[in-house]
Amino acid sequence: MQRECAAILGPARVGRPMNGHGKSFGYFALFTEIGLVLFVITLGAATAGRWLDGRLDTTPLFLTVGFLGGALLGAALDWRLISRFLRRLDD
Amino acid sequence: MTDGRPPTRHDGVSVSSDQNSLDREVQFTSDKGSGITLRVLVLAIVGLLVLNVAALVFLDVEQEVRSGQVCDKVALEAEGYPACFIKANLHLPRPHEVWVMGKPVEEANHGLVTFEVSLTDSLVTMIGITALVLVLGTIAARGKRDVPGRLQNFVEWAYESLHAFGSSMGGARAARYIPLFAAFFVLILAFNWSGLLPGISQTSVTRAPTSDLNVTLGLALVAFVVFEVEGFRRLGVRGYLSKFFPVGEFRKSIGAGLVAVFVGILELILELIKPVTLSMRLFGNIFGGEVALAVVTGLALAFFIPVALYGLEIILTFVQALIFSTLTLMFILAAIESHDHEEEHMGEESMDALEDARQQSPATS
């Protein structure tokens, strides 16, 4: 079993935990979250704007406002996310 | 092992000279080790191909149930080779109901969100995989010995690795949540890898649980409840809510209060969006991978393309399981961090910056 593990993971890994890899992977996981937050917020705000346009017959006013506002809000949320979690990971 | 002579690099596995040491350094040779691995790898690929072909031949009858259409002779003549196979192998994002309690909701009334108490294909697989993981875990934990066997050795190595992984990210504060982190990782990994088993995604009663948004949303909501409960438990109701509604800042000044309220709103949105991003990321990656695999398997009669895709999917699904559990751990640690601690930290950073500026100014002047 150890030999199979060694073949897959390399000699240095077997019998020794993956010390220090958590932090690097934490940065990676955080970067995937940044993109998704921006995407979800922009999409949500643009969809809300489109729905409002349909109700008030103002296409594409609120769609544009929603898209731009969502992108701005998403950027602000990303800034907050990065500043908080990078500091925690750097501690 | 070495007949009394010192271990050499040709002995396969060699243990360091201090046999009593717990920190065993295991090295493997390139000759023997890679020979065995290559044989195992070739056998795994051949086995995968055989199972894949068997699943394609015997389980193809359920194509219509899964994708809503079948690529028979008439459809093949009408649509042509690639389009017909692609359409027939596309999976619907909606899970297939195996059993429905009461009267089923009519097809026309199915919306984006439909409430229906039912047992779906993803739930059946989830229950099966969870039971399997529990049984394996119980077997591994039951036969614990001072000199570990192969299974115990592997389980201990895996848990120690996950423990070190989580601890290096969150330090001592993370230790309490490592079992939860490991449980999420193992369970999601088993869910993800179940979809790669030939046949699982080709029947109408089984499907990778994480390729269903209902399951990933359920997992994300469990994680979300843990963040919130831990936040309230560690900081108290007032302390935790002050992160999102920092009304106390108005006592300092109106300007500081307004800024704090704006940051509080950002924090609240970030908190509420966590289950959405966690579930969407996992669902999107696993569902997309499964569709790609099904289409390529249906299309490629040159079977080595699906095998290459399988290799890629094994790595990607592993990474997704690790991302979900890592973010869960990070969000729990964020929830139990007090607002004051954050402010103190920001204050320290500002003081450091001021100090640096002060030290630099005499030099520049």
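Colleague: Hi! Which elements does chain A have?
Modeller: Chain A has three helices and zero strands; these are DSSP runs, H or I of at least four residues for helices and E of at least two for strands, numbered from the N terminus. Residues are numbered from 1 along each chain as its sequence is written, and chains are lettered from A in the order in which they are written. In this predicted model, local features need pLDDT of at least 70, side-chain atom pairs count only at pLDDT 80 or more, and totals for chains, interfaces and linings use all residues.

Colleague: What is the mean pLDDT of chain A?
Modeller: It is 80, and 76% of the residues of chain A reach 70 or more. pLDDT is the predictor's confidence in each residue, from 0 to 100.

Colleague: New topic: at what angle do H2(A) and H6(B) pack?
Modeller: About 70°, with their axes 6 Å apart. H2(A) and H6(B) are therefore roughly perpendicular, a term for angles of 65 to 115 degrees.

Colleague: Which residues of H2(A) make that contact?
Modeller: His21(A), Gly22(A), Lys23(A) and Gly26(A). Contact means C-beta atoms, placed from the backbone, within 7 Å.

Colleague: How much of chain A is buried?
Modeller: Of its 91 residues, 26% count as buried, with 20 or more other C-beta atoms within 10 Å of their own, C-beta atoms being placed from the backbone.

Methods:
Axes fitted to C-alpha atoms, helices over the stretch in contact; angles between N-to-C directions. Parallel < 35°, antiparallel > 145°, perpendicular 65-115°, else oblique. Contact = placed C-beta atoms within 7 Å. Buried ≥ 20, exposed ≤ 12 C-beta atoms within 10 Å, placed from the backbone.
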